[in-house]
Amino acid sequence: MAASPDTTVRPERARRPSARPRGLAPARGRRADRRAWGAFALLTAPMLIGLGVFKYVAIGWSLLLSLSDAHGTIALGHWVGLDNYRQLLGDPAFRSSLVQILLFTAVIVPITFGVSLGLALLVHRVRRGRALVRTAFLIPTAVSYVAASLLWKMCLFNGLPAGIANMVGGWFGMDAVPWLQTTDPPLYWIVLVTVRLWLQVGFYMVLFLAGLQAIPRDVYEAAALDGATGRRMLRRITLPMLRNTSVAVLMLQFIAAFQAFDEFYNLFSSGLSGTGTAPVQTPLVYLYNTAMGAQNYGLGSAGAFVLTALIVGVTLIQGRFTGFGKGEE
C-alpha cells in the first residue's frame, strides 16, 4: 500500500530575530553620551566662562597688579615686586584700620552671637505663630546694608532733636546728641553696632533654630526623668549639642566682621567728598579710597591680598581652637 502523505499541521518554528549588526548599540550609546555632554556644556558654559573671567582671571590679574606700579591704570606696567606690600604695611593709616576692625570684631561678634542665640532659644519655645515670629526677625536680613545705613544716619541717629534716638532720649531729660560726630566718648560705635545687629541677628537666629530643631526630643525627656531643670538642660544638653552650629556661626561672624564696608562708608560719607575725615575706617574702606580715590590700583590690590590672608589666618586659628571640621568624639 502506498504510504499516505503526512497531513499533520506542524507549527512553524518561531522566527529568531535577526541578529543586530555588531557595534550598533555601542555606537548609539556613544552618540547619546555625546549629546548629553553637549547639552551639559551648552548649559554650563555661560556660568563657567563668567566665573572664570570675572573671578579667577580677575584674581590673577589683581595679583599681578599688586606686584607692579599701577597708578591710574589697570594695565601691567613697571614691576616693583613686594614694594606695594612694604608701603602698605608701613602706612600708619592702614595699620590703624586693622586695629579698628579688630576692635569692631571683638565687640560685634560676641554681642551678635549672644543675641541671636537668645532669640533662637525664645523662638524655639513658641508653640503658636513660630513661623510668623521667625519671619519677623528674618526680614531685616533682606534689607540692603546701604539702605539700612542711610536709614540709621538720616532717621534714627541724625543728631537733630527730631531724630528718633534724640526724641526718645528727650523723654528722659537727655539733650540732643550728634551721634556720628561725637568722638569723646565715641558714640558712633553705638550706631555701627546697632545697624549691624539689626541686619544680621535674624540670619544667625535661623541657623541656631535649625540646630535646636535637630536635637532629639528623647534626650530632653530622659534628662527630665533624671530631674534636670531648664538651666541644667541648657548647660548640659542644649549648648553642647549646638557646638557645631555655634562654631559655624562664629566663623561666619568673624568673616563678615572683617569684610565690613557698607555701613562704615555710608554712615561717614558726605557725598563725593569721600570718607577722609571719618573717625574710624575699616581696611576695605581704606582700600576703596586708595584704589578708587587715589587710583593706586597696585597698592589697592596688595591690600586686598593682605586682608584675605588676615581673614584666612583668623579663620584657621579659630578652627584650630574650636575644632571645626572634626567629628564628634
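The lining of the largest pocket in this predicted model divides into 5 nonpolar, 3 polar and 4 charged residues. The pocket has a volume of about 330 Å³. Among the residues that line it are Arg 125, Arg 127, Arg 217 and Arg 231, together with Leu 121, Leu 212, Met 233 and Leu 234. His 124, Tyr 220, Gly 230 and Thr 238 also belong to this lining.

Three helices each supply at least two residues of the lining of the largest pocket: H3 (92-125), H8 (217-225) and H9 (230-241). Of the elements, H9 gives the most, with 5 residues.

The second largest pocket has a volume of about 250 Å³. It is lined by 15 residues, of which Leu 287, Ala 291, Gly 300, Ser 301 and Ala 304 are the closest to its centre. Helices H1 (24-66), H12 (283-293) and H13 (297-322) each give two or more residues to the lining of this pocket, and H12 gives the most, with 5 residues. The composition of this lining is 12 nonpolar and 3 polar residues, with no charged ones.

The protein chain has 13 helices and 2 strands. Of its 329 residues, 33% are buried. Among contacts in the chain with a separation of 6 or more, 69% are between residues 24 or more positions apart. The accessible surface of the chain comes to about 21100 Å², and carbon and sulfur atoms account for 65% of that surface.

Definitions and conventions: Residues are numbered from 1 along each chain as its sequence is written. This is a predicted model: local features need pLDDT of at least 70, side-chain atom pairs count only at pLDDT 80 or more; totals for chains, interfaces and linings use all residues. Side-chain values use heavy atoms; hydrogens and water are left out. Helices (H or I, at least four residues) and strands (E, at least two) are DSSP runs, numbered from the N terminus. Buried means under 20% relative accessible area, exposed over 50%, partly exposed in between (1.4 Å probe, protein chains only). Contact means heavy atoms within 4.5 Å. Accessible areas come from the Shrake-Rupley method with a 1.4 Å probe; for residues, only the protein chains shown count as cover. On a 1 Å grid over the protein atoms alone, a cavity is a set of points where a 1.4 Å probe fits but cannot get out, and a pocket is an open set with protein on both sides within 12 Å along at least five of seven lines; lining residues have an atom within 4 Å of a point. Grid points are joined across faces, edges and corners, and a volume is the space filled by probe spheres set on the points. Ala, Val, Leu, Ile, Met, Phe, Trp, Tyr, Cys and Pro count as nonpolar, Asp, Glu, Lys and Arg as charged, and the others, Gly among them, as polar.
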